[in-house]
Every structure is written in structure tokens, then in C-alpha cells.
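Me: Could you walk me through this structure, one question at a time?

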Amino acid sequence: MKKYSSKDLWLALSFLSCFLLLFPCALTAATLADESGKNWKFKLKAFYAYDDNVVNEPTDELFRPAFLVGKDDHIFEWSASGLIKRSFTNKLSIRADYDIDMTIHSELSQYDLTSQIFGIGTMYKFTPLLNFMLDYKFIYNIVDGDNFSGIQYLSPSFNYMSRKFGLTRVYYTFKYSDNWLNDLRDNDQHSIGFKQYFFFSNYTKRISLGYKYTTDDTTGNSFDRDLHTIELRGKMPLFYGIELDAEVEFTFREYVSRLGTDGSLRDDTQHKFYLQFSKVLMQQYGFMENLTAKLKYRYLFNDSNLLIREYRTNRVDIGLEARF
């Protein structure tokens, strides 16, 4: 039988803290909200997860490092996020947001991750159907209790809603990653892409198709690469109030200088399949808009000619999300 340590106690307390500590804060904020109009949002999430390959163990036994002992784990996650929005005119608005996310592993604590995300953004409406958005975020990551990385993110986008063809989004993203443990991993990333959303049945169903091209420029050039990402997503109601979200995503990675096992330039194709079932348990109850139960499944296969980086993972999450 497993002996529980102080880490396990901290894990359990952290898992519950989002509801025991932050839930009353949300209640207080909601009570003090101006009845003339809501300009804020707050969200809490708590999940239990099981991942059968946290360490990304290679599929081929010949390439599994000897130091890898144990690859699956039980995971607890919680997060809280808040947003405040201010409209200056009927065309211009600005918002500020803060997120904290904590992932705690039962055994593989070296993968524990705490992320804090500070954001600010603005939107300008040229017409009721066309707008421009500009988002800035700073992400502060802590891994296993140690400072790991700081990421700055800037993304402008144009969004156009067609009454006939749905929503079209075109965007550019610049992301600078400062890896505090390995300078060679410092990275300037540029991305450009588009997404097209199609809506059906009075917006209760939707399908989206997207493409993104990304280039990574790392210090030392060891991890420079080009990425092409294609994604197809869908959302639809099923029965008894259950909604289904599904996603298929393929990412093709072409490395500039790193070599594969066969001596050619390394290239990866990542296959990602995702399903989510959600059901609203409580709706419009006082200050709370929704309390939703969610069940998620993700399958990921990284097909690489560098065989030590070819792996498969399956992950299941179950938990609650509350919106205010």
C-alpha cells in the first residue's frame, strides 16, 4: 500500500483550494457587481486526470532510456481565471485578465507545472461584423517548484462575421520564450494563420477549419524548425443536455539542423485526437452562470524519424467547471 507523504497532503490541499478559497471570493465579487451591466467574468476548474505516458516514453523499446522508471501517473489540476472589460465607446474596448493553472502529479513530481498568465487586450469594431483585436500576454512557468520559463506573447487579428459563410479569423502571433534553465532553448516564434467557423442550427452546432504556419528561431539554432498545423473542430448537442466537442489536429515539424535516427534531417508528424463531453448541471443560479461537468479524452501520437522522440499518449480528464 502506498504511504502518503507531505507532498500528497499538499497536493490534496492545492486541489481543493480553488473551491474552498476562491469560490467565496467569486461569490463576494458577484454580490458587489453593478446590476446595470456585468463587465467581468470569473471561472474555476478542478479536474482529475490519468495519463498513460507522462514522460513521452518512446514506442520502440530499443530507444527507451534506462533511467525512465514509471511513465503513467494520476494528475490533479485546478485553475482560476478572471477578466475585467471596459468599453470606452461602442467601437473601442479594453480588457485585462489573469489566469493561474496548477498541474500536480501523484508520482512524477518533476512534471508538476504552475503557470500564471497576465494579459491585456483591446478590440476595435470597424463595423458590427468586422473587428480588430490585439492581445498581449506574459506567462510565468514554474516546474517542480523551480522557475522554468517566461513567455511573452503578442497577437493581432482581424475577425469578420459573414451572415452566409460564418466567422473568418486571420491572425499573426509573435512569442518570445526565455528558458531560464537552458539558454539554447530561448526561442523567437512567429506564426501566421487563419480559422474559418461555420455555424448551423441557430448557432447550436459549429465546425471550424484552421491552418497555421510557424517558424521557431532558437538560440544556437539547435532547435530551429518550421511547423505546419492543420486542425478540424466540431461542436454539437447530443442528448439529455450533453454537448460534444471533437478535434483532429495534425502538426508537421521540419527541423533545420537536427538529425533523425537515419541521419537525415529530423521531421515529426504529430497526430492529435480530442473528445470532450460536457453537461451543465446548474444554470443561472444566483451569481453563477453555469456549473458544468466535463469528461475529456486525448490521444496523441508523435511520429518521428528520431525514434527516441516517437511516442504515444492517452489521457482522460474528469472534473467540474464553474463560470460566474
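**Cores, a loop and a pocket**

Me: Setting aside neighbours within four places in sequence, which residues is Leu291 in contact with?
Reply: This is a predicted model, where local features need pLDDT of at least 70, side-chain atom pairs count only at pLDDT 80 or more, and totals for chains, interfaces and linings use all residues. Numbering runs from 1 along each chain as its sequence is written, and side-chain values use heavy atoms, with hydrogens and water left out. Contact here means heavy atoms within 4.5 Å. On that basis, Leu291 is in contact with Lys279, Val280, Leu281, Met282, Glu321 and Ala322.

Me: How many residues make up the largest nonpolar core?
Reply: A nonpolar core is a set of buried Ala, Val, Leu, Ile, Met, Phe, Trp, Tyr and Cys residues joined through side-chain atoms within 4.5 Å. Leu291 belongs to the largest one, along with others including Trp40, Trp78, Met102 and Phe324. The count for this core is 12 residues.

Me: Is Leu129 buried, partly exposed or exposed?
Reply: Buried is under 20% relative accessible area, exposed is over 50%, and partly exposed is in between (1.4 Å probe, protein chains only). Leu129 sits in the loop between strand 4 (113-127) and strand 5 (130-143); strands are DSSP runs of E, at least two residues, numbered from the N terminus. Because its relative accessibility is 21%, Leu129 counts as partly exposed.

Me: What distance separates the C-alpha atoms of Leu129 and Leu167?
Reply: Along the chain, Leu129 and Leu167 are 38 residues apart.

Me: Which side chain is joined to that of Asp216 by a polar contact of 2.9 Å?
Reply: Asp216 is in strand 9 (residues 205-218) and, with a relative accessible area of 4%, is buried. A polar contact is a pair of N or O atoms within 3.5 Å; within protein, one must be able to donate a hydrogen and the other to accept it, and residues adjacent in sequence count only if both atoms are side-chain atoms. The partner at 2.9 Å is Arg225.

Me: How many of the residues lining the second largest pocket are charged?
Reply: Asp, Glu, Lys and Arg count as charged. The lining divides into 1 nonpolar, 5 polar and, for charged, 8.

Conventions
Helix = DSSP H or I, 4+ residues; strand = E, 2+ residues; numbered from the N terminus.
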